[in-house]
Amino acid sequence: MEKEKKQLRLVLRNCGLIDPENIEEAIANDAYISLGKVITEMSPAEAIDIVKRSGLRGRGGGGFPTGVKWEYAYNNKADQKYVVCNADEGDPGAFMDRSILEGDPHSVIEAMAICGFCTGASEGLVYIRAEYPLAIKRLRIALEQARQYGLLGNNIMGTGFNFDIQMRYGAGAFVCGEETALIHSMEGLRGEPTVKPPFPAESGYKGKPTNVNNVETFASIPVIFSKGPEWFSKIGTEKSKGTKVFALAGKVNNVGLVEVPMGTSLRDVIFDIGGGINNGKKFKAVQTGGPSGGCLTENHLDTPIDFDNLIEAGSMMGSGGMIVMDEDDCMVSVAKFYLDFTVEESCGKCAPCRVGNKRLYELLDHICKGNGEISDLERLRNMSEVIKDTALCGLGQTSPNPVLSTLDNFYEEYLSHVIDKKCPAGQCKDLMEYHIIEENCVGCTACARVCPVNAITGERKEVHRINQDICIKCGACLEKCKFDAIIIQ
Amino acid sequence: MKKIKSYSQLMDMRDDLKQKISSYLNPDSIESRLIIRVGMGTSGLASGAGEVFDFLRDALKKRNFEAELYQAGDMGYSYAEPTIQVIKPGSEPLVFGDVNIEKADEIIEKYIRNDEPVDGIIPVDYKIVDEI
């Protein structure tokens, strides 16, 4: 019997199967048909109702109902409104949006036009990071072709509906994925968030009502109109409808793009689709939601993935990065890695994020160096809670999540670091020592010769010794030894 | 190229384009030809998909195959880049992974020319929109 297929490609329906630089290939696969249907057969209110009924929620991470968002923008009267596509994908290891724009840009253009019709906007903007040159190139070609074919511009398909899209390039600041910061950046101001309300749907780009959605959210829209909202809402769980694209990365065999119906278990994604862990190692954790998310353990493997379950488990959906870790990964170092990222990317506007994250990072570094005490763990937790409660925007409010989730799920590992001064995964250099097992050492001198700092001494054919005061823990001796005489403790 | 002036014109255009592709893939049609798509997203290109594309373009022409060669986006199999999809008229589409120039040559000579099996096929592990 054929194996059951766990993936469902809905957003990625055309990715890899059409030429993104040829609009006719897209049209042959039903591009712009949903747009035609909406603008010729429906009123904006009817179309918004369809999006609402589909149950689609924002794929950028927040999970806000898309139809409700569109309705806010629709209800706010103004002479000019805007539709913005957030293509500022910044989570480490995530590449879903880039792949969609590189593989099927017309699905995003079509959905932005539908959104323009629904909200009453005639102008669209794509905010895309300059680090995505190929996505920019293909999107630009797609926009040009759409204009030539009369699918963008004035009087689209003879209906009197006008809509065109421009591109805005971001310099790659993580915080600019936050919608208010994104809008400021597009206006030429510093990419800093502001307090909501006012929401962009009331006062966004140039002070006008603005609807901001993520690339993947837009790419889901055409299917909802071609297949119907009931069809779409049958896929997924009670509160999370449709599919989610994940960028599966880390210590997993089949690294790549995965699209599964909401409600699929982490086990299916990692062990079935992902093909399990590299080199037969043991699964330890999976990080979802990027720097705003958390690390989940073996106990969560059977949790159905959806917005609410992931939050309950102490992580979040985020934009779809999924990094798999094995027994060789140190969870304290992982938390430190994400804090390092947040410290780097904090815009500095509010103190909890600017100062608090820096202090969190320093404390984690302290623990990794073996200088931590048990009271530090309580400080980590307190500080994390304060930052969560007081930071201005989503970046700061979620930045302690990697610390909290590793504290919750891997407390033992923190304890080993602060009490035993050991790193069980053997990652924290300051906490390990290389030792020579006397019985195995034959005195071949290979280790002594390869040591870059001459920390190993011993006569030929006699047992060698490592001087711990000099050793820099580079691991060169371990690699060189043919007799398994060197171990890490 | 014509400007699309109405919804019905768009649907007609779509139907014509669909028709064109199905005539390529119909072994009995005079239009019948091979379709090859090379996954050329960032990850494909970084793994050498550009060279594979150039090789295929030249090789298919030199060896007189009726073929349409397209670039495509990321097929999602980052672990096996570069990837190519080959559709022979009358056959199921096949995706091959880890395709370098030697592999591409093998695919042309063995699978395309002689219908012999070639290693490296990535099984389709997903359902598509029309399947549910």
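A: Domain bounds come from an automatic or database domain assignment. This is a predicted model, in which local features need pLDDT of at least 70 and side-chain atom pairs count only at pLDDT 80 or more, while totals for chains, interfaces and linings use all residues. Residues are numbered from 1 along each chain as its sequence is written, and chains are lettered from A and ligands numbered from 1 in the order in which they are written.

Q: Into which domains is chain A divided?
A: Chain A is split into domain 1 (23–234), domain 2 (243–326), domain 3 (331–420) and domain 4 (433–488).

Q: What separates the centres of domain 2 and domain 3 of chain A?
A: Taken over C-alpha atoms, the centres of these two domains of chain A are 22 Å apart. Their contact takes 11 residues from domain 2 and 15 residues from domain 3 of chain A; two residues are in contact if their C-beta atoms, placed from the backbone, lie within 7 Å.

Q: Which elements give two or more residues to the domain 2 side?
A: They are β9 and β10 of chain A. Helices (H or I, at least four residues) and strands (E, at least two) are DSSP runs, numbered from the N terminus. By class, that side of domain 2 has 4 nonpolar, 7 polar and no charged residues. Here Ala, Val, Leu, Ile, Met, Phe, Trp, Tyr, Cys and Pro count as nonpolar, Asp, Glu, Lys and Arg as charged, and the others, Gly among them, as polar.

Q: In what order do the strands of the open sheet in chain A lie?
A: The order of its 5 strands is β8-β7-β11-β9-β10 in chain A, and the pairing is mixed. Two strands pair if DSSP finds at least two bridges between them. Since β8 (256–261) and β10 (294–296) of chain A stand at the edges with a single partner strand each, one side of each is left without a neighbour in the sheet.

Q: How many bridges join β9 to β11 in chain A?
A: There are 5 bridges between β9 (residues 283–288) and β11 (residues 321–326) of chain A, and these strands run antiparallel. Ala285(A) has Met325(A) in β11(A) as its bridge partner.

Q: Changing topic: how many residues of helix α9 of chain A are buried?
A: In α9 (residues 215–227) of chain A, 11 of the 13 residues are buried, including Phe218(A) and Ile221(A). A residue is buried if 20 or more other C-beta atoms lie within 10 Å of its own, exposed if 12 or fewer, and partly exposed in between, with C-beta atoms placed from the backbone. Gly228(A), with a positive phi near 100°, follows α9(A).

Q: And chain B: how many helices and strands does it have?
A: Chain B has 4 helices and 6 strands. Of its 132 residues, 30% are buried.

Q: How many residues of chain B are in contact with chain A?
A: On the chain B side, 33 residues are in contact with 43 residues of chain A. Helix α1(B) gives the most to that side of chain B, with 8 residues.

Q: Which strand of chain A is joined to β6(B)?
A: It is β1 (residues 7–9) of chain A, which runs parallel to β6(B) and is joined to it by 3 bridges. Leu8(A) has Lys127(B) as its bridge partner in β6(B).
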